[in-house]
Amino acid sequence: MFKSKKDLVFIILAGIFITNAVTAELIGGKLIQIGPFVMSIGILPWPIVFLTTDLINEYFGKQGVKKLSYITAGLIMYSFLVLFLAISIPAAKGISPVNDEQFTAVFGQSMWIIVGSIIAFLVSQLIDVTVFSYFKNKTGNKMIWLRTTGSTVISQLFDSFIVLGIAFWLPGKINSETFVSSALTGYTFKLGTAIALTPLIYLGHHLIKKYLAEEKL
């Protein structure tokens, strides 16, 4: 099935990437509070998306990330379509452990949230891959931390403001002050987590490089 070890590496990274991106969208409706700050629980899987994005970019280039991002956006839309159909089909009365109201409350995200999350995902991914490639062209195989952190710093700033802007600010669900405060809170969390995961970038880079080198022996 796989012609080379590099094919297998891509499949594994793509699987991790897609799973975390789709999961983040599905659980995004739950809000959590950390001290005085409120943010979506959907933020939790995104650092793994950053991690796999950078590893895919490192070994398969920005075209690999772009194609995977488009595929993932399509799969996210497909997931929302399946959820829409699932919500429209009535639950079995007195039998189903989850009734229609409970199911809709968890999975019935508004169209604004769906549109905002997909647009924010694509925009941030395209920015991330562009910035990553720029730094890699300038530094070669050195300073991995610069291209991984630098791309995240810029791309996630756009992501945080776009998704909240489209999903909540434009429809008038939150005011401008809450919009800016919530976007900066989410951005700070994602950025801090991405920086904390930098050692895993180096570990993943080392393991993949070692694994692929064995194929050349």
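1. Confidence. This is a predicted model, and the protein chain averages a pLDDT of 85, with 97% of the residues scoring at least 70. Among the elements of the chain, helix H1 (residues 5-27) has the highest mean pLDDT, at 90, whereas strand S2 (residues 37-40) has the lowest, at 74. Please keep the value for S2 in mind when reading point 4, where S2 is named among the elements that line the largest pocket.

2. The cavity. The largest cavity has a volume of about 80 Å³. Its lining is made up of Pro47, Phe50, Leu51, Asp54, Thr148, Thr149, Thr152, Ala194, Leu197, Thr198 and Ile201, and by class these residues divide into six nonpolar, four polar and one charged.

3. Sources of the cavity lining. Helix H2 (46-88), H5 and helix H7 (198-216) each supply at least two residues of the lining of the largest cavity. The most comes from H2, which gives four residues.

4. The largest pocket. About 690 Å³ of space lies in the largest pocket, and the elements that give two or more residues to its lining are H1, S2, helix H3 (100-107), helix H4 (111-139), helix H5 (144-169) and helix H6 (176-196). H5 provides the largest share of this lining, with six residues.

5. Composition of the pocket lining. The largest pocket is lined by 31 residues, and those that lie nearest its centre are Gly28, Ser40, Val163, Leu164 and Phe168. By class, the lining holds 17 nonpolar, eleven polar and three charged residues.

6. Packing of H4 and H5. The axes of H4 and H5 come within 8 Å and cross at roughly 165 degrees. Because angles over 145 degrees count as roughly antiparallel, H4 is roughly antiparallel to H5. The crossing of these two helices is right-handed, and by class their contact has 19 nonpolar, ten polar and four charged residues.

7. Packing of H2 and H3. For H2 and H3, the axes come within 10 Å and cross at roughly 160 degrees, which means that H2 is roughly antiparallel to H3. H2 passes H3 in a left-handed crossing, whereas the crossing of H4 and H5 is right-handed.

8. Packing of H2 and H5. H2 and H5 pack with their axes 11 Å apart and at an angle of about 125 degrees, and they are therefore oblique to each other. Their crossing is right-handed. Both H2 and H5 are also among the helices that supply at least two residues each to the lining of the largest cavity.

Methods. Residues are numbered from 1 along each chain as its sequence is written. This is a predicted model: local features need pLDDT of at least 70, side-chain atom pairs count only at pLDDT 80 or more; totals for chains, interfaces and linings use all residues. Side-chain values use heavy atoms; hydrogens and water are left out. pLDDT is the predictor's confidence in each residue, from 0 to 100. On a 1 Å grid over the protein atoms alone, a cavity is a set of points where a 1.4 Å probe fits but cannot get out, and a pocket is an open set with protein on both sides within 12 Å along at least five of seven lines; lining residues have an atom within 4 Å of a point. Grid points are joined across faces, edges and corners, and a volume is the space filled by probe spheres set on the points. Ala, Val, Leu, Ile, Met, Phe, Trp, Tyr, Cys and Pro count as nonpolar, Asp, Glu, Lys and Arg as charged, and the others, Gly among them, as polar. Axes are lines fitted to C-alpha atoms, for helices over the stretch in contact, and angles run from 0 to 180 degrees between N-to-C directions. Angles under 35 degrees count as roughly parallel, over 145 as roughly antiparallel, 65 to 115 as roughly perpendicular and the rest as oblique. A crossing is left-handed if the near helix is turned anticlockwise from the far one by less than a right angle, and right-handed if clockwise.
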